Amino acid sequence: MNTQLKTKLSVLAWVVVLLLSSCSTPKPDFSMRDQNFDSDWKFNRGDASGADNPSFDDSKWRSLDLPHDWSIEDVAPVVGKKQIGPFSEDSQGKGATGHVVGGIGWYRKSFVTEPSMEGKKVQILFDGVYMNSEVWINGQSLGVHPYGYTPFYYDLTPLLNPVGKKNTLAVRVNNNGKNSRWYSGSGIYRHVNLIVTDKIYIPVWGISVSTPEVSKEKAIVKLNINVANETDMSGKLTVATKIVSPGNPEEVKAISTIDPFSGESGGAEQSIEIGHPALWSPESPALYQAITEVSFNGKVVDQQTTTFGIRSIAYSADKGFLLNGEPIELKGGCMHHDNGPLGSATIDRGEERRVELMKKFGYNAIRTSHNPPSRQFLDACDRLGVLVIDEAFDQWQRPKNPEDYNLYFDKWHKQDLESMILRDRNHPSVVFWSIGNEINERVDPSGLEIMKNLISIVKNIDTTRPITEAICFFWDHPTYKWESTVPAFAQLDVGGYNYQLGEYEKDHQIAPERLMMGTESFPLQAFENWQMVEKHPYVIGDFVWTAMDYLGESGIGHSSIKKDSKDTFSMDWPWYNAYCGDIDICGFKKPQSYYRDVVWKVSNLEMAVHSPIPAGMREVVSMWGWPDEHQSWNWAGSEGQKLQVNVYSNYPEVRLELNGKVIGTKPISVETKLTTTFEVPYEAGELKAIALKDGKEVGTKILKTTGKPAKLKLTADRSELKASRNDLSYVKVEVVDENGNLVPNANLPIQFKVEGAGELAAVENGNPADMKSFRAPRLTTFNGRGLVILRPTGNVGEIKLTAESANMGSDKITVTTK
């Protein structure tokens with residue numbers, strides 16, 4: 001039977017310090033409680049009859065380490081097939097999934113039952129497998145898991161072989177059919193952990209930490225700790241928690257006791273007061289640790305460390321979104337889960353770098369579109385200080401593709417949603433739960449009932465965060481009116497609006513208490529959307545589609561030069577990435593990002609030059625696109641032709657000069673969307689924009705014509721790495737002139753060689769239509785740049801990268817692994 005035993009204990013941090021029970025015998029070592037289980041797997045791309053059987057011969061299978069995504073790897077060549085690298089005309093998802101191939105794959109791993117596992121509970125935790133996985137241990141099926149984005153775990157204990165004997169894990173992954181609207185990847189693409197505990201233990205995701213009271217003077221930290229009992233014993237259970245503060249050696253402790261403790265489970269509720277807490281925020285992402293120790297009859301049986309932050313959330317239509325009592329406007333971007341040329345593989349440094357880029361380029365919030373991210377991604381958001389909308393589903397019962405999650409929603413939505421909430425609830429970065437995106441049945445009676453159910457599931461676990469859903473206009477129901485969204489928005493704490501900035505003010509008249517945020521917006525409407533955020537406290541933020549380029553939805557962000565104005569939704573072969581991001585797939589800023597800098601006041605002056613448009617032609621920009629402009633004054637061959645120069649500024653006036661000669665002076669304001677345009681006959685040299693205020697120069701932006709390509713330049717984001725498969729070095733490759741200036745129109749072939757304690761993980765150039773092998777040691781630069789990603793083999797030493805190109809010599813760089 002289950003016993004619902006809970007004790008409450010409040011501890012004043014500055015008065016009481018409760019000591020843990022002392023014992024003459026040393027405490028057990030829990031360093032191997034959660035073991036990384038990523039290394040030394042066998043993999044076969046394709047189905048393999050009988051591979052679940054332990055006696056199956058996998059000696060000819062490929063050896064690899066997880067995380068692994070087979071869809072990003074080169075496909076085997078087939079005569080007569082249109083193929084380039086991982087791209088194939090056989091792709092079931094076509095341009096939507098980036099023209100890559102899914103299919104079936106098998107993974108196997110053997111391990112010995114160690115003496116330390118005897119009498120213990122052994123579980124295996126998968127953070128994400130795309131998709132339709134089935135797992136076996138020693139030939140016995142543990143279960144299936146359809147959804148590719150939620151974590152799941154199995155109990156191995158009853159099926160393990162005796163100590164000293166070999167066990168065999170087998171995993172079959174089935175990514176067939178049209179099941180995604182974007183690049184999903186294929187395989188065990190997130191981490192795997194082996195969890196070894198006593199039979200009295202803290203279950204997976206068994207600790208929740210919240211901060212119901214927060215001020216600068218004090219905070220209350222509330223912990224709910226579940227303890228499972230798989231023995232028939234009854235005795236005294238002690239749950240001790242120690243809070244470790246950032247930069248503060250003082251520790252605060254609390255002890256709860258259940259006596260007698262028996263049955264299958266119990267729990268402890270602890271409230272701890274922290275004086276003068278370090279509050280978590282984007283500006284100061286302070287993190288605490290709660291170290292929880294479980295003892296039974298005086299013996300320590302389990303220990304777990306939970307990282308958390310102390311922060312408060314409040315929201316109202318008249319005050320907006322408040323973090324720690326202070327209003328904050330959400331400068332947001334939507335992000336898919338892939339790591340560009342690495343595919344969907346969750347390499348820790350890849351996840352961290354994406355968050356670093358967002359923070360570096362002015363974002364303070366991310367929407368994880370349209371699925372739960374990896375745990376490592378949220379860890380990075382916690383450390384770096386980025387707010388998160390954690391999203392669950394892209395569809396409910398009705399499909400967007402024939403074989404997508406709609407097939408599994410009815411049976412699996414509760415488990416999948418619960419696993420997301422349970423896993424992610426202790427992350428201070430997560431400030432919203434999103435239950436869906438552009439759901440077909442969003443306002444129909446069935447959809448409203450599903451929404452009510454999903455909200456109930458969330459609030460049964462966590463009531464500390466607002467719930468949202470991204471609701472779009474009725475392109476899928478042409479006869480529906482926007483007013484029919486009222487019942488749906490009424491159920492949400494914050495309404496998510498996709499591309500509906502024109503409805504904000506009208507909806508506020510109908511529902512003045514409703515909070516709103518732009519959960520998706522067009523890049524070209526950055527100014528209009530941000531004006532709404534600045535004007536109205538009930539519009540709490542804007543999330544552009546997208547912050548960063550991603551694989552799939554090929555070419556939805558494009559511009560074309562045509563004779564007419566006809567356009568397409570997306571682009572076909574050889575386009576493979578969406579190209580709608582402020583940041584390209586390499587991590588380089590794109591032109592629209594500079595405009596957003598001015599809109600968000602990250603910068604007060606930027607300039608861009610539009611590429612020449614042939615006579616009789618016009619530019620057509622897609623809904624998610626941006627005009628073909630560049631931060632460049634390299635336009636050889638266009639001498640004397642008038643080029644459009646756009647200057648973006650928060651200052652009231654701008655003067656433009658070319659080679660010291662004044663082109664003109666123009667006003668600039670919110671009425672001009674912080675933009676003014678000049679027509680400038682091209683002449684090589686220096687183009688200078690000068691911002692003026694009260695007639696005085698207050699800022700300049702310069703674009704210079706560079707020299708010809710002369711040499712290569714390699715720059716590593718980090719020159720010292722851990723000797724770990726989870727670390728990476730991102731090496732920027734540039735074509736520069738004799739003076740070391742980037743040549744922005746240099747598109748040249750480059751060869752690479754990697755030696756030493758690392759490997760070439762991927763190459764990329766950011767060109768959305770340049771299909772290539774991401775693993776071959778070569779690329780052609782795009783806008784003068786490219787990217788090489790180096791990955792340690794796991795050994796201490798040096799990784800040496802050499803880049804060579806005809807007539808430009810070579811450059812070398814060394815990265816150390818420690």
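Student: Which residues does Gln83 touch, leaving out those up to four places away in sequence?
Tutor: In this predicted model, Gln83 touches Val75, Ala76, Pro77, Val78, Ser88 and Trp573, once residues up to four places away in sequence are set aside.

Student: Where does Gln83 sit, then?
Tutor: Gln83 belongs to strand β5, which covers residues 83-84.

Student: And is Gln83 buried, exposed or partly exposed?
Tutor: Gln83 counts as partly exposed, because its relative accessibility is 22%, and buried would require a value under 20%.

Student: What lies 3.1 Å from a polar atom of the Gln83 side chain?
Tutor: That is the backbone nitrogen of Val78, and Val78 is also one of the residues that Gln83 touches.

Student: How far is Gln83 from Lys772 in space, and how far in sequence?
Tutor: The two residues are 9.6 Å apart in space, taken from C-alpha to C-alpha, while 689 residues separate them in sequence.

Student: Switching to helices, how do α1 and α2 cross?
Tutor: The axes of helix α1 (residues 348-360) and helix α2 (residues 375-384) come within 8 Å and cross at roughly 40 degrees. The crossing of α1 and α2 is right-handed.

Student: Which residues meet there, between α1 and α2?
Tutor: From α1 come Asp348, Glu351, Glu352, Arg354, Val355, Glu356 and Lys359, and they meet Gln376, Phe377, Ala380, Cys381, Arg383 and Leu384 of α2. Divided by class, the residues of this contact are five nonpolar, one polar and seven charged.

Student: Which residues of α2 are buried, and what do they pack against?
Tutor: Gln376, Phe377, Leu378, Ala380, Cys381 and Asp382 are the buried residues of α2. They pack against helices α1 and α3, and also against strands β25 (330-335), β26 (365-368), β27 (387-391) and β28 (430-437).

Student: OK, how do α3 and α4 cross?
Tutor: Helix α3 (residues 409-424) and helix α4 (residues 445-461) have axes that come within 9 Å and cross at roughly 35 degrees, and this crossing is right-handed. On the α3 side the residues are Phe409, His413, Lys414, Leu417, Glu418, Ile421 and Leu422, which meet Ile450, Asn453, Leu454, Ile457, Val458 and Ile461 in α4. By class, that contact has nine nonpolar, two polar and two charged residues.

Student: Which peptide bond involving Met131 is cis, and where is that residue?
Tutor: The bond from Tyr130 to Met131 is cis, with omega near -10 degrees, and Met131 lies in the loop between β8 (121-126) and β9 (133-137).

Student: What kind of peptide bond joins Asp259 and Pro260, cis or trans?
Tutor: Asp259 and Pro260 are joined by a cis peptide bond whose omega is about 5 degrees, and Pro260 has its place in strand β18 (residues 251-261).

Student: Last one, what is phi for Asn324 and for Lys601?
Tutor: For Asn324, phi is near 55 degrees, a positive value in a residue other than glycine, and Asn324 is placed in the loop between β23 (320-323) and β24 (326-327). For Lys601, phi is near 65 degrees, again a positive value in a residue other than glycine, and Lys601 lies in the loop between α8 (591-599) and β34 (605-610).

Terms used. Residues are numbered from 1 along each chain as its sequence is written. This is a predicted model: local features need pLDDT of at least 70, side-chain atom pairs count only at pLDDT 80 or more; totals for chains, interfaces and linings use all residues. Side-chain values use heavy atoms; hydrogens and water are left out. Helices (H or I, at least four residues) and strands (E, at least two) are DSSP runs, numbered from the N terminus. Buried means under 20% relative accessible area, exposed over 50%, partly exposed in between (1.4 Å probe, protein chains only). Contact means heavy atoms within 4.5 Å. A polar contact is a pair of N or O atoms within 3.5 Å; within protein, one must be able to donate a hydrogen and the other to accept it, and residues adjacent in sequence count only if both atoms are side-chain atoms. Axes are lines fitted to C-alpha atoms, for helices over the stretch in contact, and angles run from 0 to 180 degrees between N-to-C directions. A crossing is left-handed if the near helix is turned anticlockwise from the far one by less than a right angle, and right-handed if clockwise. Ala, Val, Leu, Ile, Met, Phe, Trp, Tyr, Cys and Pro count as nonpolar, Asp, Glu, Lys and Arg as charged, and the others, Gly among them, as polar.
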